[in-house]
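Please read it alongside the sequence and the model.

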Amino acid sequence: MISLGLFLAILGPRHDLAEALATWRFDFKIVLMVLILGLAFSFCREVARPVAPPHPARGLLLPLAALVAALVIELVIVPRAAWGTRLVGSNSLICLTAIPFFSIGPLIAVLAILRSGAPTSPALAGAAAGLLAAACGATLYAFHCFDDSPLFVATWYTLAALPVVGIGALAGRRLLRW
């Protein structure tokens, strides 16, 4: 809730949200972020238990496959000369800072919740917390970001999420040991 409040106070949703909802790229970006958010939540639940399934992150292959398919479609329908513009976009620096910023609150909350669990791999549980937190931040930011190309989303959202996942893994090693 804190991240949502900060998002609304600092950035807010994009001004052309109604028009953006009529495009497949924006819709795909939002659906992808919500899908990752749900699967990251499930991943956190699985690794919080002392007997986690052998491959708790397997479900995350679905959004990866969807993203690869969207990348192929984008590369087929967009002229090669426009690939660079679609990749770099106009908000890459904002993306790299906004996603981690809006992930801080969720990361702290998820790590606190996971402390009541019994993960057999604290670092993996922390990484899962980082992924869930980054998905929260990315989902919020997606409603502001004007760069809807799958090329942009695959590159910059991932680069923005990686430090959050890494911090979660490091924090998990220290905070989630039994």
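On one side of helix H4, Leu61, Leu62 and Val76 are exposed, where exposed means over 50% relative accessible area, buried under 20% and partly exposed in between (1.4 Å probe, protein chains only). This is a predicted model, in which local features need pLDDT of at least 70 and side-chain atom pairs count only at pLDDT 80 or more, while totals for chains, interfaces and linings use all residues. Residues are numbered from 1 along each chain as its sequence is written, and side-chain values use heavy atoms, with hydrogens and water left out.

The buried residues of H4 are Pro63, Leu67, Ala70 and Glu74. Because they cover an arc of only 65 degrees around the axis (taken from the directions from the helix axis to the C-beta atoms), they lie on the same side of H4. These buried residues pack against helix H3 (24-47), helix H5 (83-88) and helix H8 (150-175), with contact meaning heavy atoms within 4.5 Å.

The expected span in the table is 1.5 Å times one less than the number of residues; helices are DSSP runs (H or I, at least four residues), numbered from the N terminus.

| Helix | Residues | Expected span | End-to-end C-alpha distance |
|---|---|---|---|
| H7 | 21 residues | 30 Å | 30 Å |

In H7, 17 of the 21 residues are buried, so this helix is largely enclosed by the rest of the structure.

Technical notes:
Helices (H or I, at least four residues) and strands (E, at least two) are DSSP runs, numbered from the N terminus.
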